[in-house]
Amino acid sequence: MPLPLGSSITPQGVNFAIFSRNARAVTLVVTIDQDPSKYWEVPLEPIFHKTGDIWHILLIGIPLDLCYGFRLDGPHEPTTSGHSFDRRRILLDPYAKQIHSPDWGMERSCLGSEPCCLLDTPRYDWQGDRPLNIPLKDSIIYELHVRGFTRDPSSKVAHPGTFKGITEKIIYLKRLGITAIELMPVTEFNENEPTFVNPRTGKPLKNFWGYSPLSFFAPKCSYSSDLEAPLLEFRNMVKALHQAGIEVILDIVYNHTAEGGADGPTTSFRGIDNTIYYLLDPWTRSYLNYSGCGNTCNCNHPIVRNLIMDALRWWVVEMHVDGFRFDLASILGRDAQGNVLANPPVVELIAEDPILADTKIIAEAWDAAGLYQVGSFSPHPRWAEWNGRFRDDVRAFLCGRPGTVPALATRIAGSSDLYQANGRSPCSSINFITSHDGFTLADLVSYNEKHNLENGEDNRDGDNNNISWNTGVEGPTTNKKILALRSRRLRTMATILLLSQGVPMVVAGDEFGRSQQGNNNAWCQDNPISWLDWSLTRKNAQQLRFFRKLIALRKAHPLFRREDFFPHDQDPVAQAHHLEIRWQGLEPGQQDWADECRTLAFLLNGASLEPEDDDFFIMLNGHAENTARFTVPAPTRNRCWVRIIDTDRSGPLDFVDPDRGHTVECGQSIAVPNMGCVVLQSQPRR
């Protein structure tokens, strides 16, 4: 059968199907007795085993614990026709659901030389598991790395660095309050591919992050506590997370593969049909490199489009995944020559696909060639985007830079400048201040410069534009005044993130002060630089409490989770008491958008909602040194203010419940220290 592509178990036997338009011959290579040195080869005869461009064969009576791969023969003319066939290589099936792989760090001897694709044999009992379908506006995303999350001994899990290790931390995740985990790449990759060494230790570095896929389907075996059952363990993890009310979003890489440039390994796509799967220069036939990783997938070719769509559907239907974050998604919008398309077919297909209709789809709306599409990646309302503008504008304000107040207000209100014109909503904005790429939140307030020497590239790698401030001393310090200001800045940033319109994303470990020692590009650090130190949950317990309280506050009040933008057509004088958000400088009714201004306050009107919510008045001071005094406006209705958040105070007094907060009178002057934040919540008069 020519369809489905890949391997499939049928009542008659096991069917194998692979696409190649330009191959002259295809051979199926199978190992049955688990001895990789003993395999047999089945040539596929075009007259019997080829339908169009699909080569296929049905094998009857073979065991299901086999390993398989393909040899493809054809022209090898990489600089003329662009074809790169090499029949000596045993290639991975692009549709393989599992790839036999060794434990983490062990040498991968089978790639290219042995069959190592496996069948997805048993049917899994989901026990009634269904998608949670948490509305995007109610989502709080938690980005984590499967290995780094629990690899450190301080995690105290029985299965560190695995899918099962995440399952063991569900109680923690549930208590934190997040609604979704976003897993950095989980499909098979070769962690041993880097050629760099740590100049301090002399040890080879790893591809820790995994943005170098060997497969778009197969979960990474070494992320499973049982190397023979990664599919089972992944499914068990998803089911357990769903039972706890937590969704699973995958960070997926469809913009390039692990085969790299012309000097990279041939493991699959290059040897199957190089000119179909990759963007090639029309004259030199060299790889167009918009990914920064040596090659770029030809995403809008119909064959590659189908592969991407089939992979997405499989993750949703067979693995019950709830959403996807598309790495360097702007590459999805390029044609075969690398030109930017006005309406990219694959971008529209993903948004309109009926199987994916309830799936969250999030774009990293830029690529490595300088294409930056934040706010313009797609007009389709299904697409959300990592909002890099939110990150930059919040960082700039909390570095005390001039001219940042108008931009900060726009980000807090949901980034209408980016998303309103084309009919999208605040939920199109995935708000973040930190991500896996760059400084952690603790490092953002502790370092001016990146410290990446241990990456083995003489500190050349990583972004130089960190928009950070070390608060007076580079790196660790015992100075109590500096430590207090760092803590205040960090908690102020967290408050802005969790109380802004849009969808917040928190990076694992930021909630308890994880540091990467100033490394802003830890892609190759499989060591404590990248592993979460869970002892910090005790050392920085008050900071962790602050995050938990912030998340709970956001979830309790729909005022922070709007589905539409604040209206702009209201008369601010005639309808002042109806305004849904009221901006002010230091005094009520007086706004200050000047370049030299470093302060911003705003009142959120809970009476504008149905049903009504409490009011909130939030005061922010971006001065590096000066205290600011804000005059408190009147709350709506017959209510009074209570102070619930003050980032100048130490925990637990930095965040108190409303019934324990101090009453604040209308017209009272509130002192907010440099880089601080105070939040008032309205309550019925007692």
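Student: What does buried mean here, in terms of relative accessible area?
Tutor: Buried means under 20% relative accessible area. This is a predicted model.

Student: OK, so is Cys597 buried or exposed?
Tutor: Cys597 has a relative accessible area of 5%, so it is buried.

Student: How many disulfides are there?
Tutor: The count is 0 disulfides. Take Cys299: its nearest cysteine sulfur belongs to Cys297, 5.3 Å away, and Cys299 is in no disulfide. A disulfide needs two cysteine sulfur atoms within 2.5 Å.

Student: What about the bond joining Glu610 and Pro611, cis or trans?
Tutor: Cis, with omega about 0°. Pro611 is in the loop between β19 (599–604) and β20 (616–621).

Student: Now phi. What is the value at His320?
Tutor: Near 60°, which is positive, and His320 is not a glycine. His320 lies in the loop between α7 (302–317) and β13 (323–326). At 13% relative accessible area, His320 is buried.

Student: And where is Asn459?
Tutor: In the loop between α12 (441–444) and α13 (480–499). Asn459 also has a positive phi, near 65°. Asn459 counts as partly exposed, because its relative accessibility is 24%.

Technical notes: Residues are numbered from 1 along each chain as its sequence is written. This is a predicted model: local features need pLDDT of at least 70, side-chain atom pairs count only at pLDDT 80 or more; totals for chains, interfaces and linings use all residues. Side-chain values use heavy atoms; hydrogens and water are left out. Buried means under 20% relative accessible area, exposed over 50%, partly exposed in between (1.4 Å probe, protein chains only). Helices (H or I, at least four residues) and strands (E, at least two) are DSSP runs, numbered from the N terminus.
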